[in-house]
Amino acid sequence: MSEPNGVMMQYFHWYNSPDGNFWNELTENAEELANAGITSLWLPPAYKGLGGGCEVGYGVYDLYDLGEFDQKGSVRTKYGTKDEYLKAIKAAHDAGLQVYADVVFNHRMGADAEEEVEATPFNPDNRGEVIGEYKPIRAWTHFTFPGRNGKYSDMEWHWWHFDAIDYNADEADQNAIYLLKGKQFDANVDLEKGSFDYLMGCDLDMDNPEVREELKRWGEWYIDTTGVDGFRFDAVKHVKAGFFKEWFEHVRHYAQRDLFSVGEYWSAEVDALHYFLDVTDGRVALFDAPLHYNFHAASQAGDSYDMRQIFDNTLVQQQPALAVTLVDNHDSQSLQSLESPVESWFKPLAYALILLRAQGYPCIFYPDYYGACYKDRGNDGNEYEIWMDSHRWLIDKFLVARREFAYGDQYDYFDHPNLVGWTRLGNEEYPGGVAVLLSNGEGGSKYMEVGQPNRTYIDITEHVGEPVTTNEHGWGEFRCNGGSVSVWVPQD
């Protein structure tokens, strides 16, 4: 994030092929991505999950198995082997890219054995409502990692390392969350459902000192093994917020170098994000989920959406230094758990809004760049085929403009419900400036100042063919087409 005009890419989505060739693909693409203007890559969870070679990575089983041990039906992960992962990171580093690892601390799944423990069943939709008596249950909570056989860590996980689960082998049909003996739901988590401490699987007890110390040891091992430059923390609203600050400061001190971190606090309520940032003292940035929801709403509403409000109640508006801006991600894409896709026609406008402005650390989504096609079942049980368009040509143009022109003071022209724009005036090292105009309705024009008198500008997107020449005061009448965006840069 310290890189001037840095750009992150989420280099995966939910439906990448499970053929085990993904790390090799990254090795081949790293230099091309760096040349395009990407400066960092957020990679998928690299460790063995419940689904073995088909697991996206969020059903985490063994954090120490990066595709090295025969566990859960395969040696490799969905993305490849440990050696291929490390080779891909080296290729990224050689190309000048930073690498952020996806870290899942909230839960474990796929235990190796049952244990008997006493527990109280709670309503999954209201964690304050007890729905049964405190009683013995049979819980899948014993993790022995037999394929790894103690290599890297000899710790086995037992029921006392967790605070809640959602499955009792004695009552398999019961829909409940079981709070385990002597445990309580964490504070400093999202208040949805009374307490959103529990999400899935075996929920880690962050009050247990063995759990905290093991996760810190793993962080040291991961830094030594991979050399990554930062972390994306999964599901932070389900874990007591202070733990992330504690863990990250420990690992950064151990590494003795700067590391970046960003959390996924998926909520449309910006005040909830502010609370997390306060508790963590700003050590962990957050993805701007409220901005994504604004983009989603705008893409559905068409010209009835007031573009002057696109940044209202967003993190990038209120705490831009800690906002990682995004258009879509693997959870919001069609047929996924937080399905709220931004429609294809609006994505060029959305990417201009995150890539060409001064505020925020923008993140590009893999299928928005490369395109994608996949099939899956929706909530109604029916199968759907989804096509995601590649916007690479335009994104590459935006990246050129960001790298070469998007510097200096920013002047906003958000004075029309359907036609908004802004300019960047450039600086001594990157002179010339840039003017951006976009419309979610009819096309139009707007007088904007770029600070360059009598200079000719062209639309790098090629949507508008006729150039614009500024007047003696550095103002020009810049144009864009309906439902489109134009990015004006100096001709010479």
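What span should the 13 residues of helix H2 (residues 82–94) have at 1.5 Å a residue? The expected span, 1.5 Å times one less than the number of residues, is 18 Å, and the end C-alpha atoms of H2 are 18 Å apart, which agrees. This is a predicted model, in which local features need pLDDT of at least 70 and side-chain atom pairs count only at pLDDT 80 or more, while totals for chains, interfaces and linings use all residues. Residues are numbered from 1 along each chain as its sequence is written, and side-chain values use heavy atoms, with hydrogens and water left out.

**Helix H2**
- Helices (H or I, at least four residues) and strands (E, at least two) are DSSP runs, numbered from the N terminus.
- Lys82, Tyr85, Ala88, Ile89, Ala91 and Ala92 of H2 are buried, meaning under 20% relative accessible area (1.4 Å probe, protein chains only).
- These buried residues pack against helix H1 (22–36), strand E2 (40–42), strand E5 (98–103) and helix H3 (209–226), contact being heavy atoms within 4.5 Å.
- Gly96, which follows H2, has a positive phi, near 90°.

**Strands E23 and E26**
- Strand E23 (residues 444–449) runs antiparallel to E26, joined by six bridges; two strands pair if DSSP finds at least two bridges between them.
- Glu449 has Trp475 in E26 as its bridge partner.
- In a regular strand the side chains alternate between the two faces of the sheet.
- In E26 (residues 475–480), Gly476, Phe478 and Cys480 form the covered face, whereas Trp475, Glu477 and Arg479 form the uncovered one.

Methods
Buried < 20%, exposed > 50% of the residue type's maximum accessible area, 1.4 Å probe, protein only.
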